[in-house]
Amino acid sequence: MRERRAGMVTVEDVRRVASALPRTEEHLIRDRVKFRVGRIVYVALSADEEWMGFAFPKEERAALVAGEPDRFRLPRLSDQRFNWVDVRLAALDEDEMRELVQDAWRMVVPKRVAAAHLGPSPVTGAPRR
């Protein structure tokens with residue numbers, strides 16, 4: 001089992017990972033740092049920088065949150081129609097954060113762009129969309 005180094009991830013760590021992904025733009029919207037491709041946001045940080053919201057398949061999020069409710073939560077009710085989950089930054093290590101950010105990015109870029117930059121999706125062997 002991988003050792004978890006809680007509290008190691010910062011906003012600068014998230015920025016470094018997201019900014020390296022093709023087509024990513026950073027925006028400050030209502031005091032929240034958001035990373036998006038075109039008009040689609042795939043990662044957003046809470047104003048207090050304690051939580052990171054990220055794109056995540058709707059059909060899988062209930063299991064994720066139920067499995068680790070101390071780390072993950074559903075988005076606010078008005079945002080639950082979106083493919084989105086929140087995670088407490090202090091509960092992540094850098095490898096986990098990188099995986100969440102890259103997987104969220106894969107959801108919003110064309111399959112060929114994701115495959116060219118990160119290779120095939122580790123889950124299916126093919127790029128995810």
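Asp86 is found in strand 6 (strands here are DSSP runs of E with at least two residues, helices are runs of H or I with at least four, and both are numbered from the N terminus). The model is a predicted one, so local features need pLDDT of at least 70 and side-chain atom pairs count only at pLDDT 80 or more, while totals for chains, interfaces and linings use all residues. Residues are numbered from 1 along each chain as its sequence is written, and side-chain values use heavy atoms, with hydrogens and water left out.

Back to Asp86: with a relative accessible area of 10%, Asp86 counts as buried (buried is under 20%, exposed over 50% and partly exposed in between, using a 1.4 Å probe and protein chains only). Leaving aside residues up to four places away in sequence, Asp86 touches Trp51, Met52, Gly53, Phe54, Arg71, Phe72, Arg73, Leu74 and Pro75 (contact means heavy atoms within 4.5 Å).

As for the sheet, 6 strands make up an open one, ordered 1-2-3-4-6-5 with antiparallel pairing (two strands pair if DSSP finds at least two bridges between them). Strand 1 (24–29) and strand 5 (72–73) sit at the edges, each pairing on one side only. Strand 4 and strand 6 are joined by 5 bridges, in the antiparallel sense, and Ala55 has Trp84 in strand 6 as its bridge partner. Helix 2 (residues 58–67) packs on the sheet and touches strand 4, strand 5 and strand 6, with its direction at about 20 degrees to that of strand 6 (angles run from 0 to 180 degrees between N-to-C directions, and axes are lines fitted to C-alpha atoms, for helices over the stretch in contact). Helix 1 (residues 11–19) lies across strand 1, strand 2, strand 3 and strand 4, at about 15 degrees to strand 2.

Then there is the largest pocket, with a volume of about 650 Å³. A pocket is an open set of points on a 1 Å grid over the protein atoms alone, where a 1.4 Å probe fits, with protein on both sides within 12 Å along at least five of seven lines; lining residues have an atom within 4 Å of a point. The volume is the space filled by probe spheres set on the points, which are joined across faces, edges and corners. The lining of this pocket has 23 residues, and Lys34, Val41, Asp79, Phe82 and Trp84 lie nearest its centre. Strand 4 gives the most to that lining, with 4 residues.
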